[in-house]
Amino acid sequence: MAGIQAALRVKSTLLSALEGYAEAQGIGYQTLINAALRKAMQSAKGAPLTVASLRTVLRQELAAIGNQSA
């Protein structure tokens with residue numbers, strides 16, 4: 001399934017962490033970001049995706065990345 005191109009502002013430190021984690025998993029960082037966004041949508045259980053819920057999921061994903069690199 002082809003995606004659309006969209007601009008997204010991400011802190012350079014976050015992008016570096018995502019790229020490193022994705023590389024360690026053998027996937028592209030965009031695939032990793034898409035998976036995190038998909039997880040956020042699924043965890044909403046029918047509720048609309050909000051900035052707050054997206055932040056929560058991204059924090060959880062970043063914590064998991066931090067725990068795996070330690």
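Analyst: Helices (H or I, at least four residues) and strands (E, at least two) are DSSP runs, numbered from the N terminus. In the protein chain, these come to three helices and zero strands, in the order α-α-α from the N terminus on. This is a predicted model, in which local features need pLDDT of at least 70 and side-chain atom pairs count only at pLDDT 80 or more, while totals for chains, interfaces and linings use all residues. Residues are numbered from 1 along each chain as its sequence is written, and side-chain values use heavy atoms, with hydrogens and water left out.

User: Where in the protein chain is confidence lowest, and where is it highest?

Analyst: The score to read is pLDDT, the predictor's confidence in each residue, from 0 to 100. The protein chain averages 81, and 90% of the residues score at least 70; the mean is lowest in α3, at 78, and highest in α1, at 89.

User: How is a pair of packed helices described?

Analyst: Two packed helices are described by the angle between their axes and the distance between the axes. The axes are lines fitted to C-alpha atoms, for helices over the stretch in contact, and angles run from 0 to 180 degrees between N-to-C directions. Here α1 and α2 pack at about 100°, with their axes 8 Å apart, which makes α1 roughly perpendicular to α2 (65 to 115 degrees; under 35 counts as roughly parallel, over 145 as roughly antiparallel, and the rest as oblique). The contact (heavy atoms within 4.5 Å) involves Leu15, Leu18, Glu19, Tyr21 and Ala22 from α1, together with Tyr29, Leu32 and Ile33 from α2.

User: Which helix supplies the largest share of the lining of the second largest pocket?

Analyst: That share, five residues, comes from α3. The second largest pocket holds about 320 Å³ of space, and of its 16 lining residues, Leu8, Val10, Leu14, Ile33 and Leu58 are the closest to its centre.

Terms used
1 Å grid on protein atoms, 1.4 Å probe; cavity = no way out; pocket = protein on both sides within 12 Å on 5 of 7 lines; lining within 4 Å. Points joined across faces, edges and corners; volume = space filled by probe spheres on them.
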